4 protein chains.
Amino acid sequence: MTLRFGLIGTGRIGQVHAANIAGGDETSLAWIADPFVDGARRVAARFGGTVTDDAEELLTSGEIDAVLVASPTPTHVDLIARSVELGLPVLCEKPIDLDIARVDALRETVRTGGVPVALGFNRRFDPAFASVRARVAAGEVGGLEQLTIMSRDPAAPPAAYIAVSGGIFRDMTIHDFDMARFFLPDIVEVSATGTAAFDDGAREHGDFDTAVVTLRAASGALVTIINSRHSAVGYDQRLEAFGPAGSLSVANAPTSLVSLSTADAVEAKPPYQDFFLERYARAYVDELREFVKLARGEASTSPSFEDGRAALVLADAAQRSASERTVVAVDLTA
Amino acid sequence: MTLRFGLIGTGRIGQVHAANIAGGDETSLAWIADPFVDGARRVAARFGGTVTDDAEELLTSGEIDAVLVASPTPTHVDLIARSVELGLPVLCEKPIDLDIARVDALRETVRTGGVPVALGFNRRFDPAFASVRARVAAGEVGGLEQLTIMSRDPAAPPAAYIAVSGGIFRDMTIHDFDMARFFLPDIVEVSATGTAAFDDGAREHGDFDTAVVTLRAASGALVTIINSRHSAVGYDQRLEAFGPAGSLSVANAPTSLVSLSTADAVEAKPPYQDFFLERYARAYVDELREFVKLARGEASTSPSFEDGRAALVLADAAQRSASERTVVAVDLTA
Amino acid sequence: MTLRFGLIGTGRIGQVHAANIAGGDETSLAWIADPFVDGARRVAARFGGTVTDDAEELLTSGEIDAVLVASPTPTHVDLIARSVELGLPVLCEKPIDLDIARVDALRETVRTGGVPVALGFNRRFDPAFASVRARVAAGEVGGLEQLTIMSRDPAAPPAAYIAVSGGIFRDMTIHDFDMARFFLPDIVEVSATGTAAFDDGAREHGDFDTAVVTLRAASGALVTIINSRHSAVGYDQRLEAFGPAGSLSVANAPTSLVSLSTADAVEAKPPYQDFFLERYARAYVDELREFVKLARGEASTSPSFEDGRAALVLADAAQRSASERTVVAVDLTA
Amino acid sequence: MTLRFGLIGTGRIGQVHAANIAGGDETSLAWIADPFVDGARRVAARFGGTVTDDAEELLTSGEIDAVLVASPTPTHVDLIARSVELGLPVLCEKPIDLDIARVDALRETVRTGGVPVALGFNRRFDPAFASVRARVAAGEVGGLEQLTIMSRDPAAPPAAYIAVSGGIFRDMTIHDFDMARFFLPDIVEVSATGTAAFDDGAREHGDFDTAVVTLRAASGALVTIINSRHSAVGYDQRLEAFGPAGSLSVANAPTSLVSLSTADAVEAKPPYQDFFLERYARAYVDELREFVKLARGEASTSPSFEDGRAALVLADAAQRSASERTVVAVDLTA
């Protein structure tokens, strides 16, 4: 049976989900809500669905089986709460909120609500990262000792966005915190260093554009996250999982099979994929597919509300570590 | 205005075209013909269109604007002839025919028919090969002196297919002949060497499973084509364009961004893409898009009937060269 | 005129220097001292030179123009001091000492002694690292924002060595601290995290076998050092210099040009060079050549006593950071 | 016991051999002959040895145990003959001669002389090519079906050299013919195509600067040799051995571990090694070592006089094939 979705939010990422929902064999796009109702109308024109400017109307329409929340971060907590209340499985874009207190206030509701809640950590569904995790689990490198994540965005966002982003750790590194936990769920310590090396927006708002975070897992394994808000070569998304038997690495995504060799330089390739929607196109499809299983009560690997909370706890710890120049112990099991 | 297609033939490649026609913004799948009418029905169930077991009914339905011929090779000449007669632009899978006499008999009809006829040399539309050609034309390696084409299929076809294939040069190398002509249209000499190294089907039918062809272009440039009917690593499709300033190379298509490094071997990657439909998925889409332009009388780079004929002339010359152990001069300008 | 060397210490690294001194156009091996006089004799048998078991005899022989100190670390301070006293230029293996107090006690002597003192930070002379530094200085990546150093030894040393090594930061990371300062001399902050993931020797002696260090430069640039005491793939020595215009990377040193592609894996290469003497063979030659210039009073890029001290200050800070779980500010300009 | 060498010829390649003989543990440079006696003197000044302008004096000195012939090609036949007559093992640079008749005239003498005669096909001793051959022999790719040799020199020689070179096949491709026979000794057919694409010297003297040769082995395996007299990227020396289980490939020799990634291009490396003496430095050392075994009557893999003759037979066949546009059968077992 087709799972009928209500989509809330029709920005860049909402449009990706709309296309995937409409294109999926087991999913359909039933309702679309956005206060900027023209955005919702454009999506409906392309993929079908009833349009509203009021999310509540969508949630109570009685015509949807699941909710996809792709609206701005400050709306997430209320929309998750209301979906749970109405018994509607919900897939919510990250982060749950920028304020851990609001997340914690919702925690009990979700834990006891009996309604599936998933977080949109799309990178877990990237074929390369998923393959490395599976192969690490299969023992190809032995016990994991070091995980290195290189994660650099093509270009810094506008200063206005920086101002409300919650800072680099809650906005950008949060994906890397979840990736770290994808391999090593139980992180016990966070040490972060940041700098504003090039971006006036970051400087203006007391934020960083460049950061390095070290995490320690309960197992003793160390994770290193290297971030920058810009990358001339395109989206820089690499990972290395290292153990006693060797390492598994994820390279950047090429845009071409062509290389040029001349007297100046050999084996020169065009820059990497430049945009997260392109780099993770397949991941968004698989993320949705996995959520469908979750919504149906089947076994699923969808990242949970707790995963969303854990990433925020790590981001908060990193923010404190970087600001106060200290090392912060965390307890994700609490 | 949407171009309404009649699709003739619903085998593996016909299904690819059906999906692309149905998925295109400017194209629709109006009619589907296949003597095995169940195949046509299955395609229609998925992508729409009226079904028939009789291509003539499709051609004369008055409801199509263009024809896509994906039926067995022996039907191509008649279907092209009839399409031209009816004024319907036609995109025909390669080869036109295995018999150059039949092709030549059709040649005048096509030349004077005033109806667009394109051949399905999909590799011209592969982004990597197209990019190399454009960059060679832009002078990145200087004047082209050597073109090397490595082209190996994942696995040999069944003996029954070999029996009616026309031989490796007409069946498999024909793509490489066209690729050679994509860079160097005026080929003047062919020297081919073949062997049956491993395939009983090839041996049985006096065919080769392994071949090397050297072509000389009118410019003096040399082309080398290296073929095998099998390849353990997946579909092997490489090219190097060499000139005084260096070279442009096309690598095989990876299936993953992951590599494994251990004490046994480092930087080991999973095998390459294994199937031509996967390797050239994008090329088939772009091939169709370009044909739409041709059908509409716009400027187009679709390979022509003459390109289809030239590839067959080269295949015949290679067959003669390999069989008689001689070097064969050809005149594609005649 | 040939520079006559007195070599003190004929262990593994002493033998490398002996061969390079004997093989150099401008250098000769005049005296060789080692309390294990058989070692000195073996070196003399191969490369010439007068043998003694007493370094003082060598230093006061009147037959040497320069001293190369390759004896155990605890002897370094005294041998440098005595060489300076005697007016003999000295190239001393790292570290100067494990105790910063002893280094500081020697500091004034060296500063005012007017005698060239160089430290054996061989990696500065590796063609790859030297090239990246020169190209960064030439602006190829823009202003340096992030430096990432992957540095893993093939295998952990014996527990007995660990016991007297001064710990991973003073023994192993010290090379990486100097490499960091090769690019960014003015480091102002150190944050280190260590773990004993696999090595019983490390565990036994309260040392780490796995570590991550983040350094902040006065410019705001961030350095990440990733260490392990073992590496299944061979000596892992990589570096990435990142700036607004892109990055320059140093790959591991291959042992072969051969790769194997099969149905299991493609492009698989043999493991990397496994041993630091092999990996840095050329660096040791160039290090000596540069020291000859220094000894002759010519312009030279040899790392200085101050460079040796700075690396130890960083190692001490890292040790404190890792032990006390805090971030440590340093002032290398003091 | 040390093998005392007489070196005849002190040009570029003679100097390489002089250094290797002088530097070898089991070899010494006893006599050096060159009609340009100043060249011989310069070599003796560096590496020792008695100097003469008369090869006969060297051969009859009674002070040598083996001869290394590095003089111009026209002298080779006589010097081999005289060495055999005097019972002196001889390592002669390729080719034996440009005229197969002169080679054949010497053949019986060598065959019955009981004196070791080796040919200087240095590439057999390159670690990469030797490794691929050993791994093919060990069955890593299954039975060899295709061998592809890319062999391009950095730059065309002067026209004066071309004039006396015997043509590209006897001068340059001869190395590739031997490499083909290193894998597949029994070649039965030659098909060659040449063109003068860029070099006035080649055009002037009726020679080719660009060539493709296809060889058929008795096993049915096919060899492709792709040659050019120039290569902007440096010395282009690649090889692929292909069989049912996959392929073993030799890549070009990098000059650096450094790569640059920018918005224009990623993973760009400096050009390859540019000079055959640099590319094959190690091969010349191993070639000499293997010849020492041969000279001592031990088991040895040194290429023989017959290997030298076979390469010339193939070069002659290629010349005829390319000139007369025909395919040439050869019988190397005759």
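UniProt, in an unreviewed entry, lists residues 129–248 of chain A as "domain: GFO/IDH/MocA-like oxidoreductase"; such positions follow the numbering used here, names are shortened, and annotations may be inferred rather than shown by experiment. This is a predicted model, where local features need pLDDT of at least 70 and side-chain atom pairs pLDDT 80 or more, while totals for chains, interfaces and linings use all residues. Residues count from 1 along each chain as its sequence is written, chains are lettered from A in written order, and side-chain values use heavy atoms, without hydrogens and water.

**Exercise 1.** Work out how much of residues 129–248 of chain A is helix and strand.

*Solution.* Take helices (H or I, at least four residues) and strands (E, at least two) as DSSP runs, numbered from the N terminus. The stretch is then 29% helix and 35% strand, with its end C-alpha atoms 10 Å apart.

**Exercise 2.** Find which side of helix H2 in chain B is buried.

*Solution.* Call a residue buried under 20% relative accessible area, exposed over 50%, and partly exposed in between (1.4 Å probe, protein chains only). Along H2 (residues 37–47), the buried ones include B:Gly39, B:Ala40, B:Val43 and B:Ala44. They span an arc of only 135° (directions from helix axis to C-beta atoms), so they share one side of H2(B). Across from them, B:Arg42, B:Ala45 and B:Arg46 are exposed. Next, look at the cover: it includes helix H1 (12–23) and strands E2 (27–33) and E3 (50–52) of chain B. Finally, just past H2(B), B:Gly48 has a positive phi of about 85°.

Conventions
Contact = heavy atoms within 4.5 Å.
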